[in-house]
Amino acid sequence: MDIERIGNYMAPFVFDLDVTTGVMKGFKNHIERRASSMRGYYADEAALESIIAGGDPILYEVFECTVPELYGHLTVGISKLYPGTVGQECFMTKGHYHQVIETGEVYLCLGGSGYLLMKTKDGDFSALPMERGKVVYVPPSWAHRSVNCGNVPLVSFFVYNAESGHNYGDIETEGFIKRVFKRDGSVVIE
Ligand code: S6P
Ligand code: ZN
C-alpha cells in the first residue's frame, strides 16, 4: 500500500465519488463475489448451482480505499449488490461480524432498495430499510448483511474502523435468523 506522508504523519487524501451512480475513483481494493463464492448461503442450493452453471456471474462488488489496518484509521468504500434472486431469495452479501466485535459501521445508501439485516450473538434481529438517503448505523456487536429487493443495483457508501477485520465463519455456521424472499412480486422477510 502506498501511503503518502507529510512530515511525521499520513497525508490527508481526497477522491471522487459519483453519488448518483456510486462510481468511486481511486479505490485500491476491489472484491468481486461470484455466485460460486456463495455456496452454503442461499436456501435453494439447486437454484444457486444452476446460476453457477449458467456463467457464474458476479453478484456483488466492493471498492475500498485502503488505509493502515490500525486503531484510529477508517476504511471507506462502496458496496454494489446486483439485483436478482436465487430461487425466490433476494441477492445478498455474505454478511459478517467484525473480527474486532466492538467496532461499528455506517452505511449510506446511494441507490436501489433493500434491507440491511443485522443480528447479534444473543439472537437479536433487526432489518432496516435501505434506499437512497438512508443512513444505517450498525452498532458494535451486530453482524450485518445487505439484501437487494429491487430491480437495480443496491449501492451503499460505508465507513468502518480499519482494524475491524471480518468474521465470516460464524455467519456460515449460525445463518442470519431470517431470509428475504420475493414471492408473487411481494418482498417477505421470514
Ligand atoms: C465491511 C462492510 C462492507 C461489506 C460489503 C460486502 O465491513 O460491511 O464493505 O464488506 O458490503 O459484504 P460481505 O459481508 O461480503 O463482506
Ligand atoms: Zn462490516
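This is a predicted model: local features need pLDDT of at least 70, side-chain atom pairs count only at pLDDT 80 or more; totals for chains, interfaces and linings use all residues.
A residue counts as partly exposed when its relative accessible area falls between the buried class, under 20%, and the exposed class, over 50%. Glu174, with a relative accessible area of 35%, is therefore partly exposed.

**Salt bridges**

- Side chains of opposite charge can pair when their charged atoms come close.
- The count of salt bridges in this model comes to seven.
- Glu174 pairs with Lys121 in a salt bridge with an N to O distance of 2.7 Å; because Lys121 lies in the loop between strand S10 (113-119) and strand S11 (125-131) while Glu174 lies in helix H2, the pair ties together parts that are 53 residues apart in sequence.
- Lys121 is itself partly exposed, its relative accessible area being 45%.
- Lys121 and Glu174 also belong to a network of salt bridges that links them with Lys119 and Asp170.
- Glu89 and Arg179 form a salt bridge in which the closest N and O atoms are 2.7 Å apart, and since Glu89 is in strand S7 (residues 89-90) and Arg179 in the loop between helix H2 (169-174) and strand S16 (180-183), this pair ties together parts that are 90 residues apart in sequence.
- Within that pair, Glu89 counts as buried at 1% relative accessibility, whereas Arg179 counts as partly exposed at 29%.
- Glu190 and Arg183 meet through their side chains in a salt bridge of 2.5 Å, N to O; Glu190 counts as partly exposed at 46% relative accessibility, and Arg183 counts as partly exposed at 29%.

**Surroundings of ligand 1**

- Ligand 1 is surrounded by 16 residues, of which the closest are Tyr60, Gly95, Glu105, Tyr107 and Tyr168.
- By class, this shell holds six nonpolar, seven polar and three charged residues, and at least two residues of the shell come from each of strand S4 (58-65), strand S9 (105-111) and strand S14 (154-161).
- Oxygen atoms of ligand 1 lie 2.5 Å from a polar side-chain atom of Tyr60, 2.8 Å from a polar side-chain atom of Glu105, and 3.0 Å from an N or O atom in the side chain of His166.
- Of the 400 Å² of accessible area that ligand 1 has on its own, the protein covers 97%.

**Nonpolar surface patch**

- Val106, Val135 and Tyr137 make a nonpolar surface patch of about 290 Å².
- Val135 is placed in strand S12 (residues 135-138), and at 54% relative accessibility Val135 counts as exposed.

Conventions: Residues are numbered from 1 along each chain as its sequence is written. Chains are lettered from A and ligands numbered from 1 in the order in which they are written. Side-chain values use heavy atoms; hydrogens and water are left out. Patches are made of residues with over 30% relative accessible area and no salt bridge: like charges are joined within 9 Å, nonpolar side chains (Val, Leu, Ile, Met, Phe, Trp, Tyr) within 5 Å. Accessible areas come from the Shrake-Rupley method with a 1.4 Å probe; for residues, only the protein chains shown count as cover. A salt bridge is a side-chain nitrogen of Lys or Arg within 4 Å of a carboxyl oxygen of Asp or Glu. Helices (H or I, at least four residues) and strands (E, at least two) are DSSP runs, numbered from the N terminus. Buried means under 20% relative accessible area, exposed over 50%, partly exposed in between (1.4 Å probe, protein chains only). A residue is near a molecule or strand if one of its heavy atoms lies within 4 Å of it. A polar contact is a pair of N or O atoms within 3.5 Å; within protein, one must be able to donate a hydrogen and the other to accept it, and residues adjacent in sequence count only if both atoms are side-chain atoms. Ala, Val, Leu, Ile, Met, Phe, Trp, Tyr, Cys and Pro count as nonpolar, Asp, Glu, Lys and Arg as charged, and the others, Gly among them, as polar.
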